[in-house]
Amino acid sequence: MGENVVAFSTTRKGGVSDGNHGELNLNGFCGDDARKVLINRQMVAAELGIAAARVLIPHQVHGTDIRQIDEAFLGLSEEAQMSCLYGIDGMMTNLRNVCIGVSTADCIPVLLYDPVHHASAAVHAGWRGTVTRIVEHAVAEMRRAFHTSPADLKAVVGPGISLKNFEVGQEVYDRFSQAGFDMGRIAVKNRKWHIDLPQCNRLQLMRCGVGESNIRMSPVCTYDHVDEYFSARRLGIDSGRIYTAILLK
């Protein structure tokens, strides 16, 4: 995404968790052993060259709230930080050596980087967050906090479930239609409706003014690649999560 910035998604490999949480799960809210989650976080932190306390993961609720990570946040106790990150589906920061990221297992992670103001955001866009346009909220929040121009943003739409595998009921299709999405561009009907969540978020970014050439799309479908990436539709919700994150150097 640029110099002095690291962006990545973890796979299932390389950690200490077991079973459907195995191996590299960093999420403490999905039923994994807390000790193993901590070890996994410490391993990722060591790879990044930062303290484990600076590897941040919110407790997501499929909403649209974005939390700014600033010096005041870092000065809080661990308990207070956890409280601040409860019910949060996106984070943004302009601090160096703080890793902000989101957890997914079929939902769509989106990373944003403003190279002009050296600021970043990480967004969790499940279908509920996508239909309520969380990515657009994130861009607006970056404009407010960092004076970001959308035209300067570089974006990554990370690994998530593909159009082929994201089968939905009529009620979900109707939610997208009622929210003003161009259904001809994002949906197809086979036996049931299928919706293209990565494309939905790409179109939102472009609607905000992010250049098409500045948006990188992951080719990975988590459902198809469950051996390498966590997929809740394949493994169940009591399973690990991918951590898609960004770190400013």
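Biologist: Which residues form one aromatic cluster?

Modeller: This is a predicted model, in which local features need pLDDT of at least 70 and side-chain atom pairs count only at pLDDT 80 or more, whereas totals for chains, interfaces and linings use all residues. Residues are numbered from 1 along each chain as its sequence is written, and side-chain values use heavy atoms, without hydrogens and water. Rings of Phe, Tyr and Trp (its six-membered ring) pair if their centres lie within 6.5 Å, and count as stacked under 30 degrees between planes, edge-to-face over 60 and tilted otherwise. The members of the cluster are Trp127, Phe176 and Phe181.

Biologist: Which residue lies over the face of Phe181?

Modeller: A charge sits over a ring if NZ of Lys or CZ of Arg is within 6 Å of the ring centre and within 35 degrees of the ring normal. Arg234 is placed in this way over Tyr223, 5.0 Å from the ring centre. Over the face of Phe181, at 4.2 Å from the ring centre, lies Arg133.

Biologist: How many residues apart are Tyr173 and Trp193, and in which elements do they lie?

Modeller: Helices (H or I, at least four residues) and strands (E, at least two) are DSSP runs, numbered from the N terminus. Buried means under 20% relative accessible area, exposed over 50% and partly exposed in between (1.4 Å probe, protein chains only). With 15%, Tyr173 is buried, and so is Trp193, with 17%. The pair links distant parts of the chain, helix α6 (residues 170-178) for Tyr173 and strand β11 (residues 193-195) for Trp193, and the separation is 20 residues.

Biologist: Is strand β6 largely enclosed or open, and how many of its residues are buried?

Modeller: Ile108, Val110, Leu112 and Asp114 point one way from β6, while Pro109, Leu111 and Tyr113 point the other way. Both groups are buried. Strand β6 (residues 108-114) is largely enclosed by the rest of the structure, because the buried residues number seven of the seven.

Biologist: With which strand does β6 pair over seven bridges?

Modeller: Strand β8 (residues 154-157) is joined to β6 by four antiparallel bridges, and Lys154 in β8 is the bridge partner of Tyr113. On the hairpin side, four residues separate the two strands and His118 takes a positive phi near 50°. There Asp114 stands opposite Ala119. The antiparallel partner over seven bridges, residues 119-125, is β7.

Biologist: Which residues does His117 touch, beyond those up to four places away in sequence?

Modeller: His117 belongs to the loop between β6 and β7 and is partly exposed, at 34% relative accessible area. Its C-alpha is 9.4 Å from that of Ser149, although 32 residues separate the two in sequence. With contact meaning heavy atoms within 4.5 Å, His117 touches Phe146, His147 and Thr148.

Biologist: What is the relative accessible area of Glu136?

Modeller: Glu136 has its place in helix α5. Beyond its neighbours up to four places away in sequence, Glu136 touches Gln204, Arg207 and Cys208. The residue is buried, with a relative accessible area of 17%.

Terms used: Pairing = 2+ DSSP bridges.
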